[in-house]
Amino acid sequence: MGSVRTFVAVELPDEVVRTLAAVIDGLREAGDGVRWVRPEGIHLTLKFLGDVEEAQIPGVVAAVARVAGEVAPFTLQTAGVGGFPSRDRARVLWVGIEGDSGALKRLQAGVERVLHPLGFPPERRRFTAHVTLGRARRRPVTLLRDMAGPTEPVRFWVARVDVMKSDLRPEGAVYSVLGGGALGVGHDCP
């Protein structure tokens with residue numbers, strides 16, 4: 001059996017993807033040294049797992065579905081543009097995510113909690129809710145102060161979390177859903 005490049009994510013509604021694709025178009029002036037995310041690759045990652053043995057995938061999916069049921073659906077929204085490690089020396093360009101950050105943190109922490117016993121150590125860095133828009137190819141880029149991201153925040157409903165497969169191809173990564181679960185199965189949801 002082989003392994004599958006895997007991560008846990010919230011897929012974003014089409015309206016959010018269209019808005020963020022427009023932000024990417026506006027940011028292209030940041031430099032030609034950036035590899036921009038294609039619209040079909042835009043998502044909110046909760047945990048990157050790396051290469052996972054195919055035999056482990058059903059257990060990972062079941063664990064993520066269990067956590068999804070523990071958190072009621074919630075609302076998030078897009079925010080301003082930023083960069084890691086900083087706006088002045090960005091290697092990763094992103095748009096922030098705000099809203100019910102408590103629910104998002106509970107969901108992300110729950111994913112960490114249930115996957116740790118399956119052999120996936122918790123992330124050492126603090127979770128920062130963001131959607132990656134692009135990555136610097138060779139050297140960091142500077143985000144200009146007037147690059148603010150979406151002019152109006154786009155609100156969206158989070159009702160599901162999925163385990164995703166990433167196939168790396170010359171034209172970029174192609175993502176597909178391996179499985180997951182609806183939020184709030186174990187809750188009375190509004």
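Buried means under 20% relative accessible area, exposed means over 50%, and partly exposed lies in between (1.4 Å probe, protein chains only). The model is predicted, with local features needing pLDDT of at least 70 and side-chain atom pairs counting only at pLDDT 80 or more, while totals for chains, interfaces and linings use all residues. Residues are numbered from 1 along each chain as its sequence is written, and side-chain values use heavy atoms, with hydrogens and water left out.

**Exercise 1. Salt bridges**

Task: find how many salt bridges the structure holds, and classify the partners in the one between R125 and E123.

Solution: 
- Start with the criterion: a side-chain nitrogen of Lys or Arg within 4 Å of a carboxyl oxygen of Asp or Glu.
- The structure holds 5 salt bridges.
- In one of them, R125 meets E123 at 3.0 Å, N to O.
- R125 has a relative accessible area of 64%, so R125 is exposed.
- E123 comes to 42%, so E123 is partly exposed.

**Exercise 2. Aromatic pairs**

Task: work out how many aromatic pairs there are, and describe the geometry of F7 with Y175.

Solution: 
- Rings of Phe, Tyr and Trp (its six-membered ring) pair if their centres lie within 6.5 Å; planes under 30 degrees apart are stacked, over 60 edge-to-face, and the rest tilted.
- This rule gives 2 aromatic pairs.
- F7 and Y175 sit 5.2 Å apart, centre to centre, with 85 degrees between the planes, making the pair edge-to-face.
- The pair links distant parts of the chain, 168 residues apart: F7 belongs to strand β1 (residues 3-11) and Y175 to strand β9 (residues 174-182). Strands here are DSSP runs (E, at least two residues), numbered from the N terminus.
- F7 is buried because its relative accessibility is 3%, while Y175 is partly exposed because its value is 29%.
- For F84 and W94, the centres are 5.3 Å apart and the planes at 40 degrees, so this pair is tilted.
- F84 lies in strand β4 (residues 74-84) and W94 in strand β5 (residues 92-99), 10 residues apart.
- F84 is partly exposed because its relative accessibility is 27%, and W94 is buried because its relative accessible area is 15%.

Definitions and conventions
Helix = DSSP H or I, 4+ residues; strand = E, 2+ residues; numbered from the N terminus.
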